[in-house]
Amino acid sequence: MTDPAAIIIGAGDATGGAIARRFAREGLTSICTRRTEEAVVPLVDDIRVSGRKAIGIGCDARDEDQMVALFDRVEQEVGPVEVMVFNIGANVRFPITETTARVYRKVWEMAAFAGFLAGREATRVMLPRGAGTIIFTGATASMRGAAGFSAFAGAKFALRALAQSLARELGPKGIHVAHAVIDGAIDTAFIRDNFPDRYALKDHDGILNPEAIADAYWMLHTQERSAWTHELDLRPWMESF
């Protein structure tokens with residue numbers, strides 16, 4: 001196979017899945033990854049039923065060997081990695097006195113260290129071609145740390161810094177690096193089940209539609225390099241900031 005590929009790291013049921021569907025719709029093979037291959041089977045099946053191309057791969061994004069193997073496998077068995085989207089969330093909330101070292105370390109590994117591995121491996125395969133798009137999904141916590149979010153904000157701040165450094169290093173070499181701040185609740189089962197009042201705003205476009213986020217990511221990928229966006233923020237029209 002020689003199809004261009006879009007690797008979606010953290011292809012969950014909402015945002016990650018919508019991104020995978022969007023890039024597959026445009027003719028790329030969406031490589032959908034989560035920690036286990038079984039977790040992405042429904043998404044991959046859904047994309048294939050629509051006549052698009054998708055492959056599910058189980059990969060722990062915190063494991064260096066697995067990440068190296070992921071990009072090598074895609075390059076060898078599918079085609080050139082044209083896009084890499086890092087979409088791992090790791091959102092937790094604990095008072096500082098209840099934030100254990102294990103929690104802090106795990107959140108950092110998921111949202112920051114894994115982002116470093118993903119960015120490095122995407123760079124490794126894109127640099128020889130002098131082209132590619134790397135997108136990191138950020139959050140409100142990327143910009144400001146709220147009470148109870150010391151672990152999450154620390155990791156997301158680190159991810160944003162990584163994106164800035166990579167953009168400055170790789171932009172002149174033809175690789176577009178972008179960081180998307182998702183500022184608001186997303187239409188997910190978690191929000192529906194745990195925050196019904198917030199979820200009720202869906203009828204008024206008051207929570208983020210995953211498909212709309214995916215459209216913005218496709219826009220980032222297709223931008224002309226004379227006007228590349230490095231950072232954008234996406235929020236519902238009624239969200240305060």
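Which residues does Glu121 touch, not counting residues up to four places away in sequence?

Tutor: Happy to! This is a predicted model, in which local features need pLDDT of at least 70 and side-chain atom pairs count only at pLDDT 80 or more, while totals for chains, interfaces and linings use all residues. Residues are numbered from 1 along each chain as its sequence is written, and side-chain values use heavy atoms, with hydrogens and water left out.

With residues up to four places away in sequence set aside, Glu121 touches Met67, Val68 and Phe71 (contact means heavy atoms within 4.5 Å). Glu121 sits in helix α4, residues 101-126 (helices are DSSP runs of H or I with at least four residues, strands are runs of E with at least two, and both are numbered from the N terminus). Glu121 is buried, at a relative accessible area of 3% (buried is under 20%, exposed over 50%, partly exposed in between, with a 1.4 Å probe and protein chains only). Its side chain makes a polar contact of 2.6 Å with that of Arg124 (a pair of N or O atoms within 3.5 Å; within protein, one must be able to donate a hydrogen and the other to accept it, and residues adjacent in sequence count only if both atoms are side-chain atoms). Leu70 is 51 residues from Glu121 in sequence, yet their C-alpha atoms are 9.0 Å apart.

From Glu121, step across to Phe71. Leaving out residues up to four places away in sequence, Phe71 touches Ile7, Ile9, Val81, Met84, Ala118, Glu121, Ala122, Arg124 and Val125. Phe71 also belongs to the largest nonpolar core, where Ile9, Phe71, Met84 and Phe136 touch the most other members out of 41 residues (such a core is a set of buried Ala, Val, Leu, Ile, Met, Phe, Trp, Tyr and Cys residues joined through side-chain atoms within 4.5 Å). Elements that each supply at least two residues of this core include β1 (5-9), α3 (64-77), β4 (81-86), α4 and β5 (132-139). The largest share is that of α4, with eleven residues. A second, separate core has 31 residues, among them Ala18, Ala20, Ile135 and Ala214.

Ile9 leads on to Asn87, which is one of its contacts. Asn87 lies in the loop between β4 and α4 and is buried, with a relative accessible area of 12%. Its side chain reaches the backbone oxygen of Gly10 at 3.1 Å, and a polar contact of 2.9 Å links the side chain of Asn87 to that of Thr137.

Thr15, Gly16 and Ile19 are among the buried residues of α1. Nine of the eleven residues in this helix, 15-25, are buried, so most of it is covered by that cut-off. The cover over those buried residues includes β1, β2, α2, β4 and α8 (210-222). Just after α1, Gly27 takes a positive phi of about 100 degrees.

Strand β2, residues 29-34, runs parallel to β3 and is joined to it by five bridges (strands pair if DSSP finds at least two bridges between them). Thr33 stands opposite Ile57 of β3, a strand with four of its five residues buried.
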